[in-house]
Amino acid sequence: MIPALRRQYNQAFTNEAYRAMLDWMGGQYGHLPKFNVAETPVFFPRDFRDKVFAACEDVLSVITAPGYAERAAAAIPEVENVPGQDERPLFMQLDFGVCRAEDGSLIPQLVEAQGFPSLYHFQVLLDRSWRRFFPIPEGFSARFDGSTQEEYLDLLKRTILGDFAPEQVVILEVDPRNQTTRIDLVVAAAELGVAELCISDLELQDGKLYYDNKGARTQVQRIYNRVIFDDLKARPDLVRRFNMVEEAEVEWAGHPNWFFLISKYSLPFMDSPYVPETYFVSELDHYPKNLDQYVLKPLYSFAGMGVNLHPTVADLRALDRPEHFILQKKVTYAPVVETLDEPARVELRMMYLWPKEAPKPILVNNLVRLSKGEMIGVRYNAGKTWVGGTLGYFEE
């Protein structure tokens, strides 16, 4: 995206250095990422940084407005409504496609908003890895609050642990050892000093939650939640003594309801040049004539599952639950990152924390995914190089 820096990086790149970086990365916590780490970071110029900041402010003005949670409450499926919802989200992710405006300039276009934690801990390891093995220019940073690595990790620890000792806090997932993004769980467990648990490891007794902490039955006071209900429903084999929807004496670091409240459900409420037109299918009295310019998305899917890139009127009429789907104007990702063969498209995730002492959400980090396929994701990029997860460095 900055031609001189891109040429400099590509000319200096070697597969040997890339493999050495991955080996070093895997050795830091004894675990290699299960997903593909792209061969390059992305360098964002200052003018694009300013646009994405403006786009984020437009989105946040909607999802942090007073009364938003009440207006969006219908997004929470009744059988997945978890007690104890807090007043505001602890984590927010805003995903933008990097696109071209009519004048040829690069602009961000919102793809999705999420009230769910992303790879907060892995991204700092990735930053260390890039800087150790490849030249990152002066005046570029992956973090937006001016924090050092130590300050960033300390903020994460204070935000996630709250007022509790590490042994009273757990990371909760569905079969964490087999999660594609387990590297983030491994780094988080090590940096926070907490246990990494499957939901089947928790016991609910008399309204309190317990786990086996190295042989000691220990009460769980706070949960760093990474459970998605779709994953949970797909694992009926897991014997559970807690299903998340019971009343329990526990705090949530990332309450599960915010996964639904800040999601695709929030997109139709937004009016911004950085947000594509989006409609609830159930609220359309007629379908757009230019339906080929829209994508059909289920509200409650994750990682691109169930997305229909080429919806037809027949597809819309065949929906059993049209209230669970949105039509969104297609976002055309621009192939802007030159690689050693074809250029790659960019999706940028802006990562926020909102600790209880902060008056507004804090933009702390970012995540980038590179793709050469029709969509972002592994199954659309099979056999390709210079694709996958990476990091953005922004001109300060």
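Helices H5 and H7 are roughly perpendicular to each other (a term for angles of 65 to 115 degrees), because their axes cross at roughly 90 degrees, coming within 7 Å. Here the axes are lines fitted to C-alpha atoms, for helices over the stretch in contact, and angles run from 0 to 180 degrees between N-to-C directions. The model is predicted, so that local features need pLDDT of at least 70 and side-chain atom pairs count only at pLDDT 80 or more, whereas totals for chains, interfaces and linings use all residues. Residues are numbered from 1 along each chain as its sequence is written, and side-chain values use heavy atoms, with hydrogens and water left out.

Helix H5 covers residues 120-133 and helix H7 residues 182-192, where helices (H or I, at least four residues) and strands (E, at least two) are DSSP runs numbered from the N terminus. On the side of H5 the contact (heavy atoms within 4.5 Å) is made by Tyr120, His121, Phe122 and Leu125, and on the side of H7 by Ile183, Asp184, Val187, Ala188, Glu191 and Leu192. These residues divide into 7 nonpolar, 1 polar and 2 charged, with Ala, Val, Leu, Ile, Met, Phe, Trp, Tyr, Cys and Pro counted as nonpolar, Asp, Glu, Lys and Arg as charged, and the others, Gly among them, as polar.

Two open sheets may be described next. In one, 3 strands follow the order E1-E19-E4 with mixed pairing, two strands being paired if DSSP finds at least two bridges between them. Strand E1 (42-44) and strand E4 (140-141) each have a single partner strand and stand at the edges, so one side of each is left without a neighbour in the sheet. E4 and strand E19 (residues 392-395) run antiparallel and are joined by 2 bridges, and Ser141 stands opposite Phe394 in E19. Helix H3 (residues 46-63) packs on this sheet, where it touches E1 and E19, and its direction makes about 105 degrees with that of E19.

The other open sheet also has 3 strands, in the order E7-E8-E9, and its pairing is antiparallel. Its edge strands, each pairing on one side only, are strand E7 (203-205) and strand E9 (216-219), and the twist averages 40 degrees from one strand to the next. Strand E8 (residues 208-213) is joined to E9 by 4 bridges, and Asp212 has Arg217 in E9 as its bridge partner.

Conventions:
Angles under 35 degrees count as roughly parallel, over 145 as roughly antiparallel, 65 to 115 as roughly perpendicular and the rest as oblique.
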